[in-house]
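Please read each point with the structure in view.

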Amino acid sequence: EFRRVLFRSPGPANGSVFDQNAGRPARQLQFSIGLQREIVRDLVIEASYVGNTGVWWPNGALVNYNAVPFSTLAARGININSTADADLLRANMATAAVVARGFKIPFAGFPTTQPLFQALRPYPQFTSGLAAVDAPLNTTWYNSLQSKVTKRFSHGIDASYSFTYQKSMTASNIQDVFNRQTGRGLDPGDQRLMSVIAFTYTVPKMRGINRMLAYALYDWQVGSILTYASGIPILAPAAQNLLANAIGQGANAIRVPGVPLFLQDLNSGDVDPRRGFYLNPAAWAQPAAGQFGGPQYYGDYRQQRQPTEAMNFGRNFKISERVTAQARVEFTNIFNRLRPNAPTSTNALAAQVQATSAAAVNTGFGGISWQNRSEEHTSELQSRL
């Protein structure tokens, strides 16, 4: 039925496929072991190993029903590693070289303006990869060392500090859908290090002073939650060897050993969208024709660290034994930290063009734009530059 419906289309169009196992619930196995110790009264430390493994997570990118298998190319006498044959795959069906090799349109009405690789696809009616919707194919891994120091409430103070060293991985770090076992790599949301500081101080009742003054001073509260973590990984640049236009599946650029990934430190605290470029195009090379290149993410190729710092200030008012009212003010981004966009990183060959006016920003690989930020952040950036 699937094939019969597909072949009703007279020309290439977009399409999608629902995986036969779509809707299957994911399964996750969690495990941990920890130690806890009270060092002195009201001061506790603990350390734990926490991990989990998940299977059957939906991820349609792990399959491409409409990519051209290398076996199909080999059977047609095409060498994907040959530059000439790669160019042939991108040539229109009416091109003399394609006709001379004996290739014909796959069905009546197929446009001869379409490239050869489109005609060789398993379902040439569709120009998309037919990635399976909700295909439960992804696997995830998480391992961490989590430590915490807790100061239990006493003398008006309640505080804790936690530190996590972790690694998140996924099976979807992949380009070669014909060899999915090579897809294990960093999760795009991985944050290797994370520290969280939380505290609350409540002014206790004071004795030996004027009663009215004591009432005015006690039960005021100040608290905060301060989170500091590694930046999330930056996606490696897409390869420009045009593999996607030869088999219908893209590739990644290759990292050049020993070449710095950054031209400027994203965590210097002085990021300026007009000052220059932050990613180094020389750190990336293009894979050879027919090659998928490197992984999608690297542990040392990350966006700017962006702390989350919130504080609050308030007062409790005792109305009766059972009723207490609270007035409270919350502050987010209390230290007014600048949060620029991540640098443009999709194409390492994109020309780096320096901005020439106050209203413009640098464009090209490694440039930072404020154009897609909220109006509040855009005004903040412009006022600081």
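Predicted model: local features only at pLDDT ≥ 70, side-chain atom pairs only at ≥ 80, totals over all residues.

1. A term is needed before the strands are discussed. Two strands are said to pair if DSSP finds at least two bridges between them. With that in mind, Gln 146 has Thr 164, in strand 6, as its bridge partner.

2. Strand 5 and strand 6, the latter covering residues 157-170, run antiparallel and are joined by 13 bridges. Two residues lie between these strands in their hairpin, and His 155 takes a positive phi near 55° there.

3. Strand 5 also pairs with strand 3. Strand 3 spans residues 43-58 and strand 5 spans residues 136-154; their pairing is antiparallel, over 14 bridges. Within this part of the model, Pro 58 has Pro 136 of strand 5 as its bridge partner.

4. The largest pocket has a volume of about 410 Å³. It is lined by 20 residues, of which Gly 269, Asp 270, Gln 304, Arg 337 and Leu 338 are the closest to its centre. By class, this lining comprises eight nonpolar, five polar and seven charged residues.

5. The second largest pocket has a volume of about 230 Å³. Its lining also has 20 residues, and those closest to its centre are Gly 231, Gln 303, Gln 304, Arg 305 and Gln 306. The class counts for this lining are nine nonpolar, nine polar and two charged residues.

6. Which strand gives the most to the lining of the second largest pocket? That strand is strand 9, residues 220-229, with three residues in the lining.

Technical notes: Residues numbered from 1 in each chain as written. Heavy atoms only, no water. 1 Å grid on protein atoms, 1.4 Å probe; cavity = no way out; pocket = protein on both sides within 12 Å on 5 of 7 lines; lining within 4 Å. Points joined across faces, edges and corners; volume = space filled by probe spheres on them. Nonpolar A, V, L, I, M, F, W, Y, C, P; charged D, E, K, R; others polar. Helix = DSSP H or I, 4+ residues; strand = E, 2+ residues; numbered from the N terminus.
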